[in-house]
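Thanks for coming, everyone. I have one chain to walk you through today. Please take a look at it before I start.

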Amino acid sequence: TLFRSNHMGSFSLSPWAGDMQHTRWLMQVNFLSYVQLASAALPALTESRGALVVVSSVAGKIPTPYSLPYSATKFALDGFFNSLRQELAVSGTDVSITLCILGLIDTDSAMEKIRGKVSTATSMVTYPATEAALAIIKGGVSRAREIHYPWWLEGLCFIRDWFPSHRDWYIQSNYNVTAS
């Protein structure tokens, strides 16, 4: 049995304005609903020795500007499902958990959010949604611990804490801070 959870609450790529109502809503959609779905599916997945596939974002591994509530929800997914993986292993439960760490995927909604705010002309490249979907499926079927799409995100996530000043410079250089 393969169980995939993938949904995203709407948000705008904008400076943090302290909107707690929106932050709570986004946490409900992007984090707590995943936990609730996984909790409901876990008995069947345990019985079938199935796989849980959680679609997340590089924003849950590396901090990015203008996406604070969204990024917080993705960091929460990382922490929760990596911890759940450990609990399942300690208890001898044969359910795999695959975290899918996606970069900037060329969906209409993603392109609308970044328009005028993220420089895709330099190094911030978008990637095809169909290829991302294939990577997610392959990761779940192979029971991979994590998949990174595009592939080079794995290296970026691996070294993220080694050179934080360089990481921050790279991230910040891809944003148009004059955009409102």
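I'll go from the overall layout to a helix pair, then a single helix, then some local details.

Two notes on the basis. This is a predicted model, where local features need pLDDT of at least 70, side-chain atom pairs count only at pLDDT 80 or more, and totals for chains, interfaces and linings use all residues. Residues are numbered from 1 along each chain as its sequence is written, and side-chain values use heavy atoms, with hydrogens and water left out.

Layout, then. The chain has 6 helices and 4 strands. Those are DSSP runs, numbered from the N terminus: H or I of at least four residues for helices, E of at least two for strands. Starting at the N terminus, the order reads β-α-β-α-β-α-α-β-α-α. The chain holds 180 residues, and 43% of them count as buried. Buried means under 20% relative accessible area, exposed means over 50%, and partly exposed is in between, with a 1.4 Å probe and protein chains only. Now contacts, meaning heavy atoms within 4.5 Å. Take those between residues at least 6 apart in sequence: 69% join residues at least 24 apart.

Next, the helix pair. Helix α1 covers residues 20-48 and helix α2 covers residues 68-90; their axes come within 8 Å and cross at roughly 20 degrees. The axes are lines fitted to C-alpha atoms over the stretch in contact, and angles run from 0 to 180 degrees between N-to-C directions. So α1 and α2 are roughly parallel. That label applies to angles under 35 degrees. Which residues meet? From α1, the set includes Leu 26, Phe 31, Tyr 34 and Leu 42; from α2, it includes Tyr 70, Leu 77, Phe 80 and Leu 88.

On to helix α4, residues 129-141. Its 13 residues reach 18 Å from first C-alpha to last, close to the 18 Å expected at 1.5 Å a residue. The expected span is 1.5 Å times one less than the number of residues. Where are the buried residues of α4? They are Ala 132, Ala 135, Ile 136, Gly 139 and Gly 140. They sit on the same side of α4, because they cover an arc of only 130 degrees around the axis. That arc is taken from the directions from the helix axis to the C-beta atoms. The face turned away from the buried side carries exposed Thr 130, Lys 138 and Val 141.

Leu 52 is in β2, residues 51-57. Leu 52 is buried, at 1% relative accessible area. Leu 52 and Val 141 are 89 residues apart in sequence, yet 9.9 Å apart in space, C-alpha to C-alpha.

Now Ser 96, in strand β3, residues 96-102. Ser 96 is buried too, at 10% relative accessibility. Leaving out residues up to four places away in sequence, Ser 96 touches Gly 50, Ala 51, Leu 52 and Arg 143.

Last, the backbone. Most residues other than glycine have a negative phi, and most peptide bonds are trans. Arg 143, in the loop between α4 and β4, has a positive phi near 60 degrees. Arg 143 is partly exposed, at 33%. Arg 49 also has a positive phi, about 55 degrees. Arg 49 is in the loop between α1 and β2 and is exposed, at 55%. Finally, a cis peptide bond joins Tyr 149 and Pro 150, with omega about 0 degrees.

Definitions and conventions. Angles under 35 degrees count as roughly parallel, over 145 as roughly antiparallel, 65 to 115 as roughly perpendicular and the rest as oblique.
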